[in-house]
Amino acid sequence: MNFDTISEKMGAVANNRYLTAIRDGMAVIIPVSIIGSFFTILLNLPIDAWKAFIQPYASMLSIPMYYSISLMAVYCVFSITSSLCKFYDLDPVSTSVLAEMSFFILAIVPNVLNAKTAGMEPGTYLPLANMGAQGLFTAILCAIFSVEVVRFFYKKNLIIKMPEGVPSAVGKSFSALMPGVVIIVVSFVLKEILKLDVNGILTWIFSPIGYFGHDTFLSAVIPVFLITIIWLFGVHGMVIATPILYPYWYANLNANTDAIAHGGAPVHFMTEQFFQWFVWVGGAGATLSLAILLAFFSKAKFSKTMGAVTIIPAIFNINEPLIFGIPIIMNPYFAVPFVLAPTAMAAVTYLAMKLHMVAYTTAVAPWTLPGPIGAWMATGFDWRAIVLCIVNILISMVIYWPFFKAYDKNQLKLEKVDD
């Protein structure tokens, strides 16, 4: 099997409709998490006078945190279902509502409070636990299952069709009735008749992958190594990594924000923000360092031009112009540093956080911020995060340097031949 064949097969995997729908659907987490994280940051400004002032309002200000990261599985059910519906031209709203109900049946066990306690009135309550990152695998399953059931009924024409003149929204609602019965009944049977803990089963199935959600050295370097290897074949590595690793990374972030909301300290550093601000500085492959080298240390005209064009986007973590402009994809000059640089940065960051030299990430900062600023915000305004981010960029530049020099020398030679 040659290089092109491998690249083609990996591209087919990355473009799979389910992976694409999961990736696009889980993107809804980003704005929701950022909004919720603003309140986390607000509660953790490193100013003693501010902390004293904000303390009486801490409980109130923590509410948006609960309704953001703590409910991400609920949001993802709807968004993943809507994304997958686009592939089949199905109504995304009615199908998403069915998927949402299936998720609640399978993942959420209502708690009944019989007596008033801790200011809570007797009644039925829905615990948040599985509505957050712990329920993401079930959210994905319910989204795919619901869409495929609806698609089957439409394909076999087993739907209720309303006469012309009936409002479109009403017609779509009745069309979803028959597949909706199947979706809800199947979910009910699995949960209440067969007594299956679907969320627990899925968590067990993926438990080996869950190792990479722990605060370990291998959890820091192995995902980076594999994601960058996939990138070298022209496939967006995070497309494949997102549905596998995000449930664990965001579960850790959820635990951190929950600890803060209860007046405690963050407990995990292995979060998505760990990679965003200390490893993927400038984008996949930590290519901000390469853009700096191209812009300021090139001798070849093409290299210098590429550096000038790509350095501004790279500062804001947009590196597609660099990856496909050089190109880095399938380029023997940059394959090694593209993998090695971010892997080294992950190792250094692991050690820094393991030794408590830098605060753990507790908030989601907008990914388009320049690296040091994003790192500073994500760690609750720890100035040491800025230093670590800059150190990592310098480490990456050192790793890229000999490969950059070889590439630039070859480009210079080619330009002299053309002249």
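Two residues are in contact here when their heavy atoms come within 4.5 Å. Keep that in mind as you look through these views of a predicted model.

**View 1. Helix H8 alongside helix H11.** In this close-up, Leu98, Met101, Ser102, Ile105, Leu106 and Ala107 of H8 meet Gly180, Ile183, Ile184, Ser187, Phe188, Leu190 and Lys191 of H11. Sorted by class, the residues of this contact are nine nonpolar, three polar and one charged. Helix H11 covers residues 177-193, and its axis comes within 9 Å of the H8 axis, crossing at roughly 10 degrees. Angles under 35 degrees count as roughly parallel, so H8 and H11 are roughly parallel to each other.

**View 2. Helix H8 packed on helix H9.** Which angle do H8 and H9 make when they pack? For H8 (residues 92-107) and H9 (residues 136-155), the angle is about 135 degrees, and the axes are 8 Å apart. That makes H8 oblique to H9. Their crossing is right-handed. On the H8 side, the meeting residues are Thr95, Leu98, Ala99, Ser102, Phe103, Leu106 and Ala107, and they face Thr138, Ala139, Cys142, Ala143, Ser146, Val147 and Val150 in H9. By class, this contact has 10 nonpolar residues, four polar and no charged.

View 3. Asn157 has a phi near 60 degrees, a positive value in a residue other than glycine.

**View 4. Phe381, another residue with a positive phi.** Phe381 is not a glycine, yet its phi is positive, at about 65 degrees. You can find Phe381 in the loop between helix H21 (371-378) and helix H22 (383-418). Buried means under 20% relative accessible area, so Phe381, at 15%, counts as buried.

**View 5. The peptide bond between Ile326 and Pro327.** This bond is cis, with an omega of about -10 degrees. Pro327 sits in the loop between helix H19 (320-325) and helix H20 (335-354).

**View 6. Thr287 and the residues around it.** Where is Thr287 placed? Thr287 is in the loop between helix H16 (272-278) and helix H17 (288-297). At 0% relative accessibility, Thr287 counts as buried. Leaving aside residues up to four places away in sequence, Thr287 touches Val281, Gly282, Asn319, Leu322, Ile328, Phe338 and Tyr400. Now look across to Ser175, which is 112 residues from Thr287 along the chain: their C-alpha atoms are separated by 50 Å.

**View 7. Where domain 1 meets domain 2.** The protein is divided into domain 1, residues 13-195, and domain 2, residues 204-416. How many residues does each domain give to the contact? Domain 1 contributes 28 residues and domain 2 contributes 28 residues. The C-alpha centres of domain 1 and domain 2 lie 30 Å apart.

Conventions. Residues numbered from 1 in each chain as written. Predicted model: local features only at pLDDT ≥ 70, side-chain atom pairs only at ≥ 80, totals over all residues. Heavy atoms only, no water. Helix = DSSP H or I, 4+ residues; strand = E, 2+ residues; numbered from the N terminus. Buried < 20%, exposed > 50% of the residue type's maximum accessible area, 1.4 Å probe, protein only. Axes fitted to C-alpha atoms, helices over the stretch in contact; angles between N-to-C directions. Parallel < 35°, antiparallel > 145°, perpendicular 65-115°, else oblique. Left-handed = near helix turned anticlockwise from the far one by under 90°. Nonpolar A, V, L, I, M, F, W, Y, C, P; charged D, E, K, R; others polar. Domains from an automatic or database assignment.
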